[in-house]
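Please look over the sequence and the structure before reading on.

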Amino acid sequence: MRVYLDHAATTPVFEEVAQEVVKVLTENFGNASSLHSHGQQAKQIYEQARTTIANHINVSPEEIFFTSGGTESDNIAIMGFLRANFPNGGHIITTQIEHPAVLQVARELEKHGYRVTYLKPTFEGYITPDDFEKAIRKDTVLASIMWVNNETGVIQPIEEISKIARKYGIVLHSDAVQAIGKLKIDGSLVDMLSASGHKFYAPKGCGFLYVNRSVKLDPIIYGGGHEKGLRSGTENVPGAHGMAVALNVIEKNYSEWSKKIQSLKKKIIDAVSQLSDYHINGDRTIFSHINISFKGIHGETLATALDMRDISVSTASACSSHHKMVRSHVLESMDLDDWMIDGAIRITLGYDNTEDEIEYFIQVLCEEVKRLRRI
């Protein structure tokens, strides 16, 4: 039995999505910018996808812009907003626990005169609204706070932060890559929101950015003026359609599937509680994530041992692992003990996981933790 428990890195494409994407690729392949029938047929599918996605997050279709994924959406949101409104500098608030798609943009902006405050999370992994409000200055122009952390699964208090941002007239962007498809999101709480298709059972290479109609952005790449001039590049009709179909499938099954995942997560945590010296990193977490450390065992060692027994988990975000980062910047910022940081593995469940898979995982996890502690 091969068990996949790294859904925060990427998800399998739903069978329904794959079939629909192939259909578009082979039957509705026209360029959506072409004026002939093939093009207009593709355009109709593309715009229907925009409407479906907008409805899913409670915003208007004209506020959805298709991109290649979460990283591009984050870059367009932050850099496009500053370029259009504050090209000569300003103060930005973000957090120490953001994905590199936000953190690296913020660090680059610092080289060009912008000032950035990186909010520190609590020991439990979330940003407090009080800390957010205290960080606001007269020259604060933008805040970027993720909706759900990709490593710990901690849900950030976006609703409270949104109220504060609006009180001070600060534009709020949220990287919601780990939230879309798992939480019922009200996109109108923020001014800009980033999402990536392959995190919610759609293909890789597609994503979207929600931009409130009152927010002005300049493009950061140039070309044929697609997506109302914000994101040039031939429209990815199969990707957009795939995202819409995936969200429809999730909406239809959400009640049943979310309960199933919550139950599977509880089984894992109950089993782990029989082991000694462990720590679950993060509180107020989404139902799909468990970030856990076992004292005396390095996370990479345990993840490798599990992989050798056909179980896939990770130790950090997939986007960080190839940079050979020694430690998780997320767990370090939470001021966890050394053994918690070095011993962490990330278990992320998906709608496709079964009871049998989790039973096997629990059995192997307990065996490997005991075996590695004897070495």
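Which residues does I53 touch, not counting residues up to four places away in sequence? The list is I64, F66, F208, A240, M243, A244 and L247. The model examined here is a predicted one.

## I53 in helix α2

I53 belongs to helix α2, which covers residues 37-56. The residue is buried, because its relative accessibility is 0% and the cut-off for buried is under 20%.

N248 is 195 residues away along the chain, and the C-alpha atoms of I53 and N248 are separated by 8.9 Å.

## Packing of α2 on α7

Two packed helices are described by the angle between their axes and the distance between the axes. For α2 and α7, the angle is about 40° and the axes are 8 Å apart. α2 is therefore oblique to α7, since an angle must be under 35 degrees to count as roughly parallel. The crossing of these two helices is left-handed.

On the α2 side, the contact is made by A42, I45, Y46, A49, T52, I53 and H56. On the α7 side, V237, A240, H241, M243, A244, L247, N248 and E251 take part. By residue type, the contact of α2 with α7 comprises 10 nonpolar, four polar and one charged. I53 and N248, the pair named above, both belong to this contact.

## Packing of α7 on α12

Helix α7 spans residues 237-272, and its axis comes within 10 Å of the axis of α12. The two axes cross at roughly 20°. Because angles under 35 degrees count as roughly parallel, α7 and α12 are roughly parallel to each other. α7 passes α12 in a right-handed crossing.

Which residues of α7 meet α12? They are L264, K267, I268, A271 and V272. Their partners in α12 are E355, I358, E359, F361, I362, L365 and C366. The contact of α7 with α12 divides into nine nonpolar residues, no polar ones and three charged ones.

## E368 in helix α12

α12 runs over residues 355-374 and includes E368. Is E368 buried or exposed? E368 has a relative accessible area of 4%, so the residue counts as buried, the cut-off being under 20%.

The side chain of E368 makes a polar contact of 2.7 Å with the side chain of R371. Leaving aside residues up to four places away in sequence, E368 touches L302, A305, L306 and R309.

Most residues other than glycine have a negative phi, and most peptide bonds are trans. R284 is not a glycine, yet its phi is positive, at about 55°. R284 sits in the loop between β9 (278-280) and β10 (289-294). With a relative accessibility of 45%, R284 counts as partly exposed, because the range for that class lies between 20% and 50%.

D310, also a residue other than glycine, has a positive phi near 70°. Where is D310 found? D310 is in the loop between α8 (299-307) and β11 (311-312). The relative accessible area of D310 is 33%, so D310 is partly exposed.

How values were computed. Residues numbered from 1 in each chain as written. Predicted model: local features only at pLDDT ≥ 70, side-chain atom pairs only at ≥ 80, totals over all residues. Heavy atoms only, no water. Helix = DSSP H or I, 4+ residues; strand = E, 2+ residues; numbered from the N terminus. Buried < 20%, exposed > 50% of the residue type's maximum accessible area, 1.4 Å probe, protein only. Polar contact = N/O pair within 3.5 Å; in protein donor to acceptor, adjacent residues only side chain to side chain. Contact = heavy atoms within 4.5 Å. Axes fitted to C-alpha atoms, helices over the stretch in contact; angles between N-to-C directions. Parallel < 35°, antiparallel > 145°, perpendicular 65-115°, else oblique. Left-handed = near helix turned anticlockwise from the far one by under 90°. Nonpolar A, V, L, I, M, F, W, Y, C, P; charged D, E, K, R; others polar.
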